[in-house]
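Please read it alongside the sequence and the model displayed here.

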Amino acid sequence: MKNLKIIGSGDAFGSGGKYNTSFLVRDENGGFLIDCGASTIIRLKQLNIDLTSIHTVFISHFHGDHYGGLPFLILSFRYEYECENKLNIVGPKGIKEKVYNLQEAMYPDTGYLIDELNLNFTEFDSKNGNDIKGVHCEAIPVHHAPGAFPHGIRLSWNDKTLAYSGDTEWTESIYKVCKGAEFFICECNFVEKEIPGHLSYKILKAKLSDFNPSNLYLTHMNKSMIENSEVIYKKLNDGDEFELW
């Protein structure tokens, strides 16, 4: 049995007081994170989750509300816990360089901790996927800010799949991300407003109506989405917990 805990389901602005994007899946090896926004370590501690139990972090794209929490996690592993377990960080092309540069930008002269902690960086393999600690990861490019290298992610184990859209406007790639998934987390920033790089509920509802995935959960919502009572799909809340399979 896998357990999914919603660490943060907010957008970049913390709309509705929600924390930045991060989802924790507990497994037999401890647990792994899907995204690690800037507020992640705060929320993990509020929920009394042992940081050292986290063995892998999957990063969907290079925006601060999705990977900006890594420097805090790295500092905590080194100075607070003197952690010896090897943390896997999996993400788009250039993941090690991006994390190193972010570490140096936020805490100058601490980039060396990345090597000192023996962190294991893995770039998405678009052809074969990646196998990390018993989890198969398939990353699919989506349409968001191009410089952030945005991807949707499919994580599979025991012949079941948890899918996550990452940040994206509508693209046919979303069908590839969620196809056959038992659990699908999809960004839905707005009710009707349409801007490049993000989804509106109006568009999502129309596009998905032809197959209506049974376990679709919405995340990365702005204030109007959070407060809209007419949304029929399930809205994630920080702290929600789900039994998977």
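In which sense do strand β10 and strand β11 pair, and over how many bridges? In this predicted model, β10 (residues 160-164) and β11 (residues 183-187) pair in the parallel sense, over three bridges. Within this pairing, leucine 162 stands opposite phenylalanine 183 in β11. Both strands belong to an open sheet of seven strands, whose order is β7-β8-β9-β10-β11-β12-β13 and whose pairing is mixed. The edges of this sheet are formed by β7 (130-132) and β13 (234-235), each of which pairs on one side only.

A hairpin of two residues links β2 to β3. As for burial, β2 is mostly covered, since five of its six residues are buried. The table lists residues that stand opposite one another in these pairings.

| Residue | Opposite residue | Strand of opposite residue |
|---|---|---|
| Lysine 5 | Leucine 24 | β2 |
| Phenylalanine 23 | Isoleucine 34 | β3 |
| Leucine 162 | Phenylalanine 183 | β11 |

The largest nonpolar core has 29 residues, of which Val57, Ile59, Leu70, Leu87, Ile89, Val99 and Leu119 touch the most other members. Two or more residues of this core come from each of α1 (40-46), β4 (54-58), α3 (70-80), α4 (95-106) and α5 (112-116), and α3 gives the most, with five residues. Isoleucine 89, leaving aside residues up to four places away in sequence, touches Val57, Ile59, Leu70, Ile95, Leu119, Asn120, Phe121 and Thr122. Apart from this core lies another, of 25 residues, and among them are Phe23, Val90, Ile132 and Phe242.

Serine 200 lies in the loop between β11 and α7 (201-208), and its relative accessible area of 1% places it among buried residues, because buried means under 20%. Its contacts, not counting residues up to four places away in sequence, are Cys188, Phe190, Val191, Glu192, Lys193 and Glu194. Asparagine 228 sits in the loop between α8 (223-227) and β13, and is partly exposed, with a relative accessible area of 21%. With the same exclusion of residues up to four places away, asparagine 228 touches Val191 and Lys235. Although asparagine 228 and valine 191 are 37 residues apart in sequence, their C-alpha atoms are 7.9 Å apart in space.

How many disulfides does the model contain? The count comes to zero. For cysteine 36, the closest cysteine sulfur is that of cysteine 83, and because the two sulfurs are 14 Å apart, they are too far from each other for a bond. Cysteine 36 is buried, at 2% relative accessibility. Cysteine 186 is likewise in no disulfide, the nearest cysteine sulfur being that of cysteine 188, at 6.8 Å; a disulfide would require the sulfur atoms to lie within 2.5 Å. Cysteine 186 also counts as buried, with a relative accessibility of 0%.

Key:
Residues numbered from 1 in each chain as written. Predicted model: local features only at pLDDT ≥ 70, side-chain atom pairs only at ≥ 80, totals over all residues. Heavy atoms only, no water. Pairing = 2+ DSSP bridges. Helix = DSSP H or I, 4+ residues; strand = E, 2+ residues; numbered from the N terminus. Buried < 20%, exposed > 50% of the residue type's maximum accessible area, 1.4 Å probe, protein only. Contact = heavy atoms within 4.5 Å. Core = buried A, V, L, I, M, F, W, Y, C linked by side-chain atoms within 4.5 Å.
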